[in-house]
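Me: I've got a model open and would like to go through a few of its features with you. Shall we take them one by one?

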Amino acid sequence: MQLAIVVSEFNSKITLHMLEKAKEQARRLGAKVSFIVYVPGAFDMPLAIERLLKKRNVNAIVTLGAVIKGDTRHDDIVAENASRLIADLSLKYSKPVALGITGPGMTAEQARERQDIVPARAVNAAVNMALRLAKLEKTAGRGTVIINDSAYNH
């Protein structure tokens, strides 16, 4: 299992901690982190994600970011557009892209409270989806198949 991680530099005190937690979780699950790509902010992720999805040695991608509430709706716009484009890219390339972006509407304190659990969950989702999609490919045409084996049990 080869993962790529795309991490936002914005709110780096939080996102760099998230990156370390994501790498730890990948190691626990036996996944190799093949690429780490830093982007200025969550809004900038889709372009890097698309380049990574084209690579054969990437089974899934984990996104890491913290979109914190400011005085305007900017956080809503960033998070909504980034997440929509990320989901579209996952479908376009038929590879999992896990959303490890916290926010919108979140305070810095709330982001810090989530900086351990969100990256672990994102890695779990990326690995599990990649494993399940691979199994789905192998079982096509065999009747009723239930695919729920997990690299991580909740």
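Reply: Helices (H or I, at least four residues) and strands (E, at least two) are DSSP runs, numbered from the N terminus. This is a predicted model, where local features need pLDDT of at least 70, side-chain atom pairs count only at pLDDT 80 or more, and totals for chains, interfaces and linings use all residues. Residues are numbered from 1 along each chain as its sequence is written, and side-chain values use heavy atoms, with hydrogens and water left out.

Me: Is I36 buried or partly exposed?

Reply: Buried means under 20% relative accessible area, exposed over 50%, and partly exposed in between (1.4 Å probe, protein chains only). I36 has a relative accessible area of 33%, so I36 is partly exposed.

Me: What N to O distance goes with the salt bridge of E20 and K23?

Reply: A salt bridge is a side-chain nitrogen of Lys or Arg within 4 Å of a carboxyl oxygen of Asp or Glu. E20 and K23 are three residues apart in helix α1, about one turn of the helix. Their side chains meet in a salt bridge, N to O at 3.0 Å.

Me: And which helix holds both R112 and E109?

Reply: The side chains of this pair, R112 and E109, also form a salt bridge (3.1 Å, N to O). R112 and E109 sit three residues apart, about one turn, in helix α4.
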